[in-house]
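Please take me through this model stop by stop, saying what to select in the viewer and what is found there.

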Amino acid sequence: MSSHPAPEPAKSTRSAGLSGRVRVAGDKSISHRSLIFGLLSVGETLIGGLLEGEDVLATARACRALGADVERLGEGRWRVRGVGVGGLRTPSEPLDFGNAGTGSRLMMGVVAGAPIQATFDGDASLRSRPMRRILDPLEKMGATVVSCAEGGRLPLTLKGADRPLPIEYESPVPSAQVKSAVLLAGLGAPGVTTVIEREATRDHTERMLRGFGAEVSVERHGEHGRIIRLAGQPELKATAISVPADPSSAAFPLVAALIVEGSEITLEGVMTNPLRTGLLITLTEMGADVTLANIREDGGEEVCDLVVRGSRLKGVDVPAERAPTMIDEYPILAVAAAFAEGETRMRGLSELRVKESDRLAAVHAGLAANGVESRIEGDDLIVAGKGRVAGGGEPVETHLDHRIAMSFLIMGLAAEREVTVDDGAMIATSFPTFAPLMRGLGAEIEMEASK
Ligand SMILES: O=C(O)C1=C[C@@H](OP(=O)(O)O)[C@@H](O)[C@H](O)C1
Ligand SMILES: C=C(OP(=O)(O)O)C(=O)O
């Protein structure tokens, strides 16, 4: 098992109006995929704006272990010399993905579609997460699970198919990671690999496959779904990639500026891919003062500058079908809901139970510790917003979950008393510049290690 950094307790206190103009780090989903597609294509892939968080760095190491030449040229600037789908090699050591679900699951798809074998491992959080959802379709494509921990969990050794089979797969869970693993394995299969989604999930894999020269078609399916078809055995061509700013990271300064009275900030170049904008839609319904300015394109995605001002929020009902477009944003939405007037009901959150932590339970406990009433009914989370938050509770237990740590540190910026979290170290997995960036806007956040 990979070790974690030493726990780093952190706290935040009520802050005066936030102000400034910042750009959050590169999108985590696109960063993982940039490295992986770099590995799978022949030639030189140049990446700008790569997120240099621990999760993505683990993927970079895995790409090296599978045969790519991966080099950091400067801040966020990386070069990958790939080996092509047919040129992957069996790594000599286990691949350690740390805390990263995306990196490990996508790479299982890569290994499954090639005649190689690899062992996957990670930290205690990743070892507890379900992998059967990935292994089931990959076994249908011809991969073999050589060994694994109970319930198909990490550490596990996967042997790729000598001759991968193209399949048609309808995932029982709405998951971009499952979809991506099947499509990545499908690169090595002759014929067409098809993924059917009842609810559309983030489509970065499909878009980037096209960008690297593969043939991919996407068709609507029912009210919210899609059918994705990939023609197998393409020759992927290396390309240049610019990674836009991550909307899931932007969510933290965004909500901070809404709840801290008198704030006005600008978040530059935030990606507004329609399958990632559920939080923006929800906050707008809650009465948030957010303007989308300077809408343009970056790296094949629409981006804009978000101008955010302190706002009085009201409780809303968030429909279950919106969940895939804001799946990582529920912890910070729950914080916004705590400062709103009235009840917010977030529906259909079963997937939150299998993230870095059980986020439903972690959010509920952290809110309760800081004087906010909430309840879980089935898969719904209901937060009773009172327009104010007491704070001052016992340290919030973050369970190795970066988003729980960041969400509660944001809560402390507008709570009456300080909010503490037991460990902010995992923030480095997705948003290593979180604390300095927030402090630059005027937020009072203290991490123990940087005192
Ligand atoms: O494909 C991706 O890049 C991701 C998919 C989502 O996970 P699921 O596929 O498990 O929903 C999301 O939670 C994760 O942070 C990133
Ligand atoms: C769920 C997340 O990531 P992953 O699944 O890659 O660990 C996240 O970043 O919130």
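Predicted model: local features only at pLDDT ≥ 70, side-chain atom pairs only at ≥ 80, totals over all residues.

Start by selecting the open sheet of four strands whose order is β10-β11-β13-β12 and whose pairing is mixed. At its edges are β10 (168-170) and β12 (216-221), each of which pairs on one side only. From one strand to the next, the twist averages 15°.

To see one of the pairs, pick Glu170, whose bridge partner in β11 is Ile196.

Keep strand β3 (residues 42-48) and strand β5 (residues 77-83) on display. They pair in the antiparallel sense over six bridges. Within this stretch, Glu44 stands opposite Arg81 in β5.

## Strands around β19

Move on to strand β19 (residues 341-346), which pairs with strand β18 (residues 317-318) in the parallel sense over two bridges. Asp317 has Arg345 in β19 as its bridge partner.

β19 also pairs with strand β21 (residues 380-386), here in the antiparallel sense and over six bridges. For an example, select Gly342 and its bridge partner in β21, Gly385.

## Two helices side by side

Select helix α8 (residues 247-259) and helix α10 (residues 330-339). Their axes come within 10 Å and cross at roughly 5°. Since angles under 35 degrees count as roughly parallel, α8 is therefore roughly parallel to α10.

From α8 come Ala251, Phe252, Val255, Leu258 and Ile259, and they meet Ile332, Val335, Ala336 and Phe339 in α10. By class, the residues of this contact are nine nonpolar, no polar and no charged.

## The two domains

Colour the protein by its domain assignment, which gives domain 1 (10-26 + 244-450) and domain 2 (28-242). How far apart do the C-alpha centres of domain 1 and domain 2 lie? The distance is 28 Å.

At the boundary, 23 residues of domain 1 are in contact with 31 residues of domain 2. The side of domain 1 that touches domain 2 divides into nine nonpolar, eight polar and six charged residues.

## Ligand 1

Centre the view on ligand 1. Around this ligand are Ser29, Thr102, Ser175, Ala176, Gln177, Ser180, Arg202, Ile327, Asp328 and Glu351. The helix α6 gives the most to this shell, with three residues. Sorted by class, the shell has two nonpolar, five polar and three charged residues.

Why does ligand 1 lie between domain 1 (10-26 + 244-450) and domain 2 (28-242)? It does so because both domains give residues to the shell around ligand 1.

## Ligand 2

For the last stop, select ligand 2. The residues that surround it are Ala100, Gly101, Thr102, Asp328, Lys355, Glu356, Arg403 and Ser430. What are the classes of the residues in the shell around ligand 2? One is nonpolar, three are polar and four are charged.

With the domain colours still on, look at where the shell around ligand 2 comes from: at least three residues are drawn from each of domain 1 (10-26 + 244-450) and domain 2 (28-242). Finally, display both ligands together and select Thr102 and Asp328. These two residues are among those around ligand 1, and they are also among those that surround ligand 2.

Notes: Residues numbered from 1 in each chain as written. Chains lettered and ligands numbered in written order. Near = placed C-beta within 6 Å. Nonpolar A, V, L, I, M, F, W, Y, C, P; charged D, E, K, R; others polar. Domains from an automatic or database assignment. Pairing = 2+ DSSP bridges. Axes fitted to C-alpha atoms, helices over the stretch in contact; angles between N-to-C directions. Parallel < 35°, antiparallel > 145°, perpendicular 65-115°, else oblique. Contact = placed C-beta atoms within 7 Å.
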